[in-house]
Amino acid sequence: MDDRYRFISLQSGRLATIPAAILLVFSPPARAATCLPGSGTTVNRLLDRIDDDPKQGLQQVDTALSRERNPVRRAHLLGVRALALGVLSRNDDAASAARSARDLLPASAVPLRDALTVLETSNTFHLDKAAHDLPLLRQIVERYPTGVGLHACAVAAAGDLERRAGNLIDAAHYLIDAYRETRRGADGRLAADTAHLLFKLVADAGDDSTALALNASALRFYARRPARAKSVLLTVFRARLLNKRGEFATAFHLMTLAESAMRGRGDDVGDAYRALEICRALVGLGRAKEAGRRCDIAHRTFATSSLSAAAQTDILRAEIALSSGKPRNAIRLLDPVIAGPYSRSSSVNISDAYRLRADAQRRVGNNRGAFVDLQEYVKRYRAWSEAARARQTVVTGVWLSRDQQMLRASKAEARLAQESLVVAHWIGWVRLLVITAVLGLVMLIVLILLGARHRRHLVAMTLTDPLTGLPNRRGIIQRADSALADAARLTGSAAIALIDLDHFKAINDAHGHAGGDAVLVTLARAANDILPPPAILGRWGGEEFLAVFPDTTAIDAAMLLELLRETIRGGAGTNIPIRFSAGIADWQPIRGPMTGNALIALADAAAYRAKAEGRDRSCFAGEEILGQPRQNGSVCLQNSSGG
């Protein structure tokens, strides 16, 4: 995948330079915002639509443009059109739309003209044009103070442009500053997109743990919004990194869910990138025949849209040909890749092409050619390894220098705080007089409120599980009934999942009841971090939990459960591997009236099916899920561990 897939979820990781908890706890505010100053409700609504379905969002923007005559509002709409075109990988068209919007505006409309310049440069992929755009972005960065949204937008765009131009030190300075600035701001979309831009830089530098945590923080914002296309795009980037790490089963599982979520959307380029990552995972899993079909789908699109992606696909197809005993086909596929302009491309691993061609040459008896290719592979692999270490050193060094600057600023703030304490001492007695005057009144109010608070506390105790702090059986049933009632009233949807920990008795036998309790608490804490409100997990009884997903389909609930499964698989600090089986059921208007207990019964049957199928997986209760017919009342997903 090349950089054109830019605004793109699900495993946490320990960071090399900042605590992972900072990234995972951070959840950008759920407010629709934009780098276009003066955007109104219409623009924000269109942006939300683009996040969910960029092709349909583009059609809605074009309809609005055909009716709008006011030049300023047309400029806003053209800016939104540029955003949609960028998501669809039509970057030249996106840059053209941003320029057209800027030409509509008078010279006095400086903020909006600057925002459109930032948008145009974000879609620049020609190095000669990048050299012209970088000074413009630096001027915009200096024009606005820190804390103003447009400043962060320009800093993030400058960092990404520097990254594409190969200037890693400047890119790291810009992107780390933009990431920290947007985390403190109120613009949730900008914070999530900046985290993704920093993800790409950190992933290029080889710091996979930090990159995965940044990816998860971006996903947390979009998972709580109607933004399926954005969430899936983040998932594609995550799967690509997991494939690089050799976690093929997890990558394949995530991409299968992503492919199902985007089926029928008409996004050919997006479908091709998803097919490419599924092909890569299947090659790693040794399933060459299935991988070949996926790579052929990707190649048909990339042959006319992205030469670098087509080259990646040809390398995979060559590996498939070798595993199928067809070395001459592999050589035919690899020759154009090696002869192409990819020696400096970060998106095409040209050393792999030499390695595969050396193997193919050996198999057809051309030992001299195999030796030459093997020498070239060793040379390029060493150069690639040295460059990767250098990139990681640069990014880590910049991050540490920024940390030291922040530490010095904190010390200065501490000195000012100490001086303020001296002043506060002299005015403290005045406050004491005021407090004494109102103390009697406050005590009276407290006594009145204590009785009401005590009653509320007693009610809460009857609805809360004392071990995990989650809602107990009675409390979670109330949540399920409420979600169903809201779905029926609003003609929406709701999903529930019954989660049953696998082999829990064996955990108690091996680690004692304290170990079993630790596993229950770990699952509860991980769910609280991962499930986006208003989704909630409750304890159903023993080792069983019930998750309620208001306004959510079974597919979306399954994606969140897979994120939870991936997070706790290694024990999440308990040193006890944690697995669970889940049954998922959702309510749609076509089902007619249904109580919470009835829906739970469907999920319970699906959970039994998950146990029968081999545990550590999710099963759906329904007529047809992921294009598979119902079997004995449910259908199951293959678990990500392959067992």
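The model is predicted. Its average pLDDT is 78, and 78% of the residues score at least 70.

**Confidence**

- Over residues 1-33, pLDDT stays under 50. The model has 136 contacts beyond four places in sequence for this stretch.

**Helix 2 with helix 3**

- Helix 2 spans residues 41-52, and helix 3 spans residues 54-67.
- Their axes come within 6 Å and cross at roughly 150°. Angles over 145 degrees count as roughly antiparallel, so helix 2 is roughly antiparallel to helix 3.
- Helix 2 contributes Leu46, Arg49, Ile50 and Asp52 to the contact. Helix 3 contributes Pro54, Gln56, Gly57, Gln60 and Val61.
- By class, this contact has 4 nonpolar, 3 polar and 2 charged residues.

**Helix 4 with helix 5**

- Helix 4 runs over residues 71-87, and helix 5 over residues 91-103.
- The axes of these two helices come within 8 Å, crossing at roughly 170°. Helix 4 and helix 5 are therefore roughly antiparallel to each other.
- On the helix 4 side, the contact residues are Ala75, Leu78, Gly79, Ala82, Leu85 and Gly86.
- They meet Asn91, Asp93, Ala94, Ala97, Ala98, Ser100 and Ala101 in helix 5.
- The contact of helix 4 with helix 5 divides into 8 nonpolar, 4 polar and 1 charged residues.

- Helix 8 takes in residues 149-164, 16 residues in total. At 1.5 Å a residue it should span 22 Å. Its end C-alpha atoms are 23 Å apart, which agrees.
- Helix 8 is mostly covered, with 15 of its 16 residues buried.
- Gly166 follows helix 8 and has a positive phi, near 90°.
- Helix 9 holds 17 residues, 168-184. From first C-alpha to last, helix 9 reaches 24 Å, close to the 24 Å expected at 1.5 Å a residue.
- The buried residues of helix 9 include Leu168, Ala171, Ala172, Tyr174 and Leu175. Arg180 and Glu181 are also among them.

**Buried residues and their partners**

- Leu212 sits in helix 11, residues 208-223. Its relative accessibility is 1%, so Leu212 counts as buried.
- Leu212 and Phe199 are 13 residues apart along the chain, with their C-alpha atoms separated by 7.5 Å.
- Ser260 belongs to helix 13, residues 248-261. Ser260 is buried because its relative accessible area is 15%, and buried means under 20%.
- Ser260 and Ile555 lie 295 residues apart in sequence. In space, they are 8.2 Å apart, C-alpha to C-alpha.
- Leu531 lies in the loop between helix 21 and strand 2. At 8% relative accessibility, Leu531 counts as buried.
- Not counting residues up to four places away in sequence, Leu531 touches Ile536, Leu537, Phe549 and Leu560.
- The C-alpha atoms of Leu531 and Val548 are separated by 9.8 Å, and the two residues are 17 apart along the chain.

- Most residues other than glycine have a negative phi, and most peptide bonds are trans. The cases below depart from that.
- His503 has a positive phi of about 55° although it is not a glycine. His503 is in the loop between strand 1 and helix 21.
- Asp616 is not a glycine either, yet its phi is positive, about 55°.
- Asp616 is found in the loop between helix 23 (596-612) and strand 5 (618-621). With a relative accessible area of 5%, Asp616 is buried.
- The peptide bond from Pro533 to Pro534 is cis, with omega near 10°.
- Pro534 is in the loop between helix 21 (504-530) and strand 2 (536-541).

Note on methods:
Residues are numbered from 1 along each chain as its sequence is written. This is a predicted model: local features need pLDDT of at least 70, side-chain atom pairs count only at pLDDT 80 or more; totals for chains, interfaces and linings use all residues. Side-chain values use heavy atoms; hydrogens and water are left out. Axes are lines fitted to C-alpha atoms, for helices over the stretch in contact, and angles run from 0 to 180 degrees between N-to-C directions. Helices (H or I, at least four residues) and strands (E, at least two) are DSSP runs, numbered from the N terminus. Angles under 35 degrees count as roughly parallel, over 145 as roughly antiparallel, 65 to 115 as roughly perpendicular and the rest as oblique. Contact means heavy atoms within 4.5 Å. Ala, Val, Leu, Ile, Met, Phe, Trp, Tyr, Cys and Pro count as nonpolar, Asp, Glu, Lys and Arg as charged, and the others, Gly among them, as polar. pLDDT is the predictor's confidence in each residue, from 0 to 100. The expected span of a helix is 1.5 Å times one less than its number of residues. Buried means under 20% relative accessible area, exposed over 50%, partly exposed in between (1.4 Å probe, protein chains only).
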